[in-house]
Amino acid sequence: MKPYYQQTVDQVFEELKTSKNGLSPVEVIEHQEQYGLNELVQEKPPGPLQIFFSQFKDLLVIVLIIAALISAISGEVISTIVILVVIILNAILGTVQEVQAQKSLDSLKSLSGAHVKVIRDGQLVEIPSKELTVGDVVYVEAGDVIEGDGRLFESANLQVNESALTGEPLPVDKTIEPIDHEVQINDQTDMVFSSGLVTNGTGKYICTAIGMNTQIGKIAGLINEAKERKTPLQRSLEEFSKKLTIYIGILCVVLLCLNIFVRHQDFLSALMVAVALAVAAIPEALNSIVTIVLSIATQKMVKNHAIMKKLDAVESLGCISVICSDKTGTLTQNKMTVMEVFTDMTPYTVDLMDAKNNYAQQILLKASKLNTNAVINSDGTAIGDPTEIALIDMFNKYQNAHPDFMIKAERMEEVPFDSDRKLMSISSRNHIYTKGAPDELLKRCTSILMGTQKRPLTDEDRDLILTQNEQYASQGLRVLGVAYKNLSAQNTKITYDDEHDLCFVGLIAEQDPPRTESAAAVHTARKAGIKPVMITGDHVVTAKAIAQKIGIYQDGDLAIEGNELAHMSDQELADKLDKISVYARVAPEHKIRIVNAWQQKGDIVAMTGDGVNDAPALKAADIGIAMGITGTEVSKDAAKMILTDDNFATIVKAIESGRNVYNNIQNAIIYLLSGNLSAILTVVAASIAFLPDPFTAVQLLFINLVTDSLPAIAIGMEPDHPDVINQKPRNANESILNKSAITQIGVEGLLIFIAVFAAFFIGLKTSDGTATTMAFATLTFSRLLHGFSQRGNRPVWELPFNKYSLVAFGIGSLLLASILNIPALEPIFDVTALSGINAGVVILFSLGSFAAVQLFKVIQSRND
């Protein structure tokens, strides 16, 4: 059997048992059963058991294992058992977290999966790419990514960039003619291959291979899956943890030497205290907490219509100071409706059109029907560009109101739209119909249709048409010009060169009203210290009108076109940058230049886009944001965030979430380090004062397990604080442990230490065991209470309700009470029964540290 590129189209249709009308539902099921799903086989992720054993590779777990060995050698059987239980519990928790994280990522992948347009049973429908099967008829246009390999049978100026497969950077011109000799993939011009990018034109192909049987699938089978990199925030925190481990290690060695040579403790006892202190002092839960917080945030944002492709992008959202937003669909509803037409130098509403008695309107409707790639199916679903959908909708509404109105013209060839010409043309057997930007169209017109007659187009005519165009644009309407000319029936194949000597027919004015929530979202962004900027391909007057309605363009601002931007020097742009709120008629290189200009000023830029041309700017921006509904697969690949509702307001909500996520992570870190600092100060102070050890190894392990995890996770799950959106954007280069955070850690750690050491000192008057028990209980209870305090920078009564903090406090308090009151647990945790007075001292001092921290919060909030 010949390869597909050497077969005729009919032979391919016959071999794959399909047709131009595509597969029927029954055939789809049969083909999917035969060929499977269109998926690349990925390296199988590690199973739960493998993940469980990997938990023991951690440095801190190794320290715990050493501690268990030391306990066993020293005869401390109970301590050994407790340490091993801690190790296993940590491993189980880590395993559960990783499994849940993998499930979260899988759900995100399914939400942001690619789609493909196919013809099934004669209807154009959009399906998830994994449901594509061999024999499907696929329709593609500029901006689409090829799904599956296929044999072309229709091509209108189709060009495909296949660099992902072949390494050749230039797009390939595609044809439908079979090749009669053997050639390599690079020269198979009648074929398209999975991962190819359609850069121009339209086409249809028969899917000949899917999944691992595609050319890209065969390559994928030879490549080992690259390991997932940790996010910058996680890497930063990991580096911080390593440094902290070194500092704590030095401290433990000093403490070990002090206990052996100054206090004359035996080596094993001194070593146990030093190792236990190290375990208690190091916040090993930190990376897990960050991952949990980011994962929860991504799931929460999915519900709010924003998919984060990378976890670190969530935290980075809080730094955004400029949002460069597309207009259509993001700030507006992306539901174009024809409001008015302009023919015979007269404006008409759609309801008053009379194509039977107005020949220009008849030509206008005919061009609207034929010169479009959009489709409105029988069930009302629309696929295609909203501007073109509005044209078909206008035609259908007119035809429904005038059933006797019919057109017999048949669409033949197409010259696709591109951003340079700003025009699109199609041919019938007798005419060329062209639509596009009125100013560009008029340059190619030499006559005008008035009534049923053509006459030369005068300068006065041009001025009147352009004035009407400006009037529409000033109302925020999108305007299309329509023209036509006669064509020889013997030559229906057209090219760019045929777009001349056209006859002007009229204008079509469409409206895409602002989203109802856009103005409020723009206002919120401004309050948040974020500069909103509109970047659009529309006419500058149209863009300015919309920008004024929603608050992006204000008095004193500038609105410029791409041509004006192109003639600006970098210094001129930098001087005017803060004032320019609207960029109209922009090209792809302009968008990158705008992004770079803001970045050079030190701003963090978010950029929205939906087309192939937007991809470079999305990649260049700090946070590229693709449209989930109208966006091309290329734009989604280039972006870090995908909006499932294509809504500007969602971006502002995502920024609010990003700021809250960062605050929660920072608060969790401050909580961990301030609590750990109090334990370190207590142990060091007791050693320097030649007092007994304030904690045993098992007690420190308990504190580490309970108070380093549950309250910290609860802080990470703190509800969003709405007031964060009123703050200025955070400096991206600022350390997470800034001056304010370090101050909090020092002051709050010191306050808890004072309470713990005071309880310890009072306990010494009874016995060493009582003192150790009181220090242990006070530190545990103080840290559980501190979980409420460190939820924010304000006193606890000004913070919103957090049920997770209550749960963490309840579980921790119940465990502590059990240890102190169940006799069977006393020898396990080295505690003694406390008298009512001593128990009261523990509660009083713990509440005292809590009150002192609240006072510090009050002073801090007033200074802020």
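1. Let's start with a residue pair: V322 stands opposite K531 in β21. Strands β9 (residues 322-325) and β21 (residues 531-535) run parallel and are joined by four bridges. Two strands count as paired if DSSP finds at least two bridges between them.

2. A word on how to read the values. This is a predicted model, in which local features need pLDDT of at least 70 and side-chain atom pairs count only at pLDDT 80 or more, while totals for chains, interfaces and linings use all residues. Residues are numbered from 1 along each chain as its sequence is written, and side-chain values use heavy atoms, with hydrogens and water left out.

3. Now the sheet around that pair. Its eight strands form an open sheet with mixed pairing, in the order β8-β26-β25-β24-β9-β21-β23-β22. The edges are β8 (306-308) and β22 (558-561); each has a single partner strand, so one side of each is left without a neighbour in the sheet. From one strand to the next, the twist averages 20 degrees. Angles run from 0 to 180 degrees between N-to-C directions, and axes are lines fitted to C-alpha atoms, for helices over the stretch in contact.

4. Which helix lies across β9 and β21? That is α20 (residues 588-600), which also lies across β23 (580-584) and β24 (605-609) and runs at about 165 degrees to β24. Contact means heavy atoms within 4.5 Å. A597 has its place in helix α20, and at 12% relative accessibility A597 counts as buried. For accessibility, buried means under 20% relative accessible area, exposed over 50%, and partly exposed in between (1.4 Å probe, protein chains only). Apart from neighbours within four places in sequence, A597 is in contact with L573 and L577.

5. The salt bridges deserve a look. The count comes to 23, where a salt bridge is a side-chain nitrogen of Lys or Arg within 4 Å of a carboxyl oxygen of Asp or Glu. One of them joins K117 and E141 (3.8 Å, N to O). K117 lies in β1 (residues 115-120) and E141 in β3 (residues 137-141), so the pair ties together parts that are 24 residues apart in sequence. K117 is buried, at 10% relative accessible area, whereas E141 is partly exposed, at 23%. Together with D144, K117 and E141 are linked in a network of salt bridges.

6. Another salt bridge joins E499 and R421, whose closest N and O atoms are 2.7 Å apart. This pair links distant parts of the chain, 78 residues apart: E499 is in the loop between β19 (477-486) and β20 (502-511), and R421 in the loop between β14 (414-415) and β15 (423-427). Are these residues buried or exposed? E499 counts as buried at 2% relative accessibility, and R421 counts as buried at 8%.

7. R585 and D439 also meet through their side chains in a salt bridge (3.6 Å, N to O). R585 lies in the loop between β23 and α20 and D439 in helix α14 (residues 438-442), so the pair ties together parts that are 146 residues apart in sequence. R585 counts as buried at 19% relative accessibility, and D439 as partly exposed at 26%.

8. A521, V522, T524 and A525 in α16 meet F648, A649 and V652 in α23. The residues of this contact divide into six nonpolar, one polar and no charged. Here Ala, Val, Leu, Ile, Met, Phe, Trp, Tyr, Cys and Pro count as nonpolar, Asp, Glu, Lys and Arg as charged, and the others, Gly among them, as polar.

9. Finally, the chain as a whole. The chain has 29 helices and 26 strands, and of its 864 residues, 53% count as buried. Among contacts with a separation of 6 or more, 71% are between residues 24 or more positions apart.

Methods: Helix = DSSP H or I, 4+ residues; strand = E, 2+ residues; numbered from the N terminus.
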